[in-house]
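Please have the viewer open as you read.

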Amino acid sequence: MEALLFTIIANGLLSIGSYILLSLVPLSDKHVGKVILFLMSLSGGVLLGTAFIHLLPEAARYLAPDVLFPTVLVSFLLFYVIEKLIHWRHCHDMECRVHTFGYMNLVGDAVHNIIDGIIIGATFVQSIPLGITSAVTILLHELPKEVSDFGVLLYAGFTRKKALFFNFLVGLGAVVGGVIGYFLAENVRWFVGYLLPFAAGGFLYIAASDLIPEMRKETARKKSALSFGVLLVGIGIAAGMKLLGAE
């Protein structure tokens, strides 16, 4: 039971830490419009980097290629269907005030948080010091991504307060994942093995189908070049976390 208690505390702190960081981001609703293109570009880069540099290489340790890549494809297509369902549900016969990819990003982020929680829970079962190390490294990896996710929600039309609330709510998925990881420690490899490519497929869909097309709408040459540079910065952040060993 000690490992379970540490698991819940560690994942709870992970969720609270992300919420506190986002609360300190100095952006009011009226200032969002001035930097939204670059927040969106950063988000797209982090999502691409997380999928290609973190999730897929990690998934390759669990699944053979003939299982891994079809799983990513199924996830990509499933996120398309989910987005369509959300659009029909919220935007039918009326103006859609919030872009559906904001909700899609929440779904993908929830899956990612559950994966992180499972990993933390499983490592606490092995030993308390190993669990603490795992929680700290995942926190370092998550903080930049949480900022980029916040940017996606703001661009999608969420108010700052609503974006903070939903980010915190989705962050609690880590606590759920931690409990799952604790009780399924022996089978965690199989479970995480399929969740990793599922999350990767979702991130690829959001970046390729929603964020990058929005970036292409910018016609000013200088701003377009700058937004692409910010996209590369986002990928660089994901790569940097990989080099630091923050899985």
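What follows looks at a cavity, a pocket and one arginine.

This is a predicted model, in which local features need pLDDT of at least 70 and side-chain atom pairs pLDDT 80 or more, while totals for chains, interfaces and linings use all residues. Residues are numbered from 1 along each chain as its sequence is written, and side-chain values use heavy atoms, with hydrogens and water left out.

The structure holds 2 cavities of 30 Å³ or more. On a 1 Å grid over the protein atoms alone, a cavity is a set of points where a 1.4 Å probe fits but cannot get out, a pocket is an open set with protein on both sides within 12 Å along at least five of seven lines, and lining residues have an atom within 4 Å of a point. A volume is the space filled by probe spheres set on the points, which are joined across faces, edges and corners.

For the largest cavity, that volume is about 70 Å³. Its lining includes S15, N113, E142 and N167, and by class it has 3 nonpolar, 5 polar and 2 charged residues. Here Ala, Val, Leu, Ile, Met, Phe, Trp, Tyr, Cys and Pro count as nonpolar, Asp, Glu, Lys and Arg as charged, and the others, Gly among them, as polar.

The second largest pocket has about 170 Å³ of space. Its lining has 10 nonpolar residues, no polar and no charged, among them F6, F124 and L139.

Finally, R160 is buried, at 16% relative accessible area (buried means under 20%, with a 1.4 Å probe and protein chains only). The C-alpha atoms of R160 and F150 are separated by 8.5 Å.

Terms used. Buried means under 20% relative accessible area, exposed over 50%, partly exposed in between (1.4 Å probe, protein chains only).
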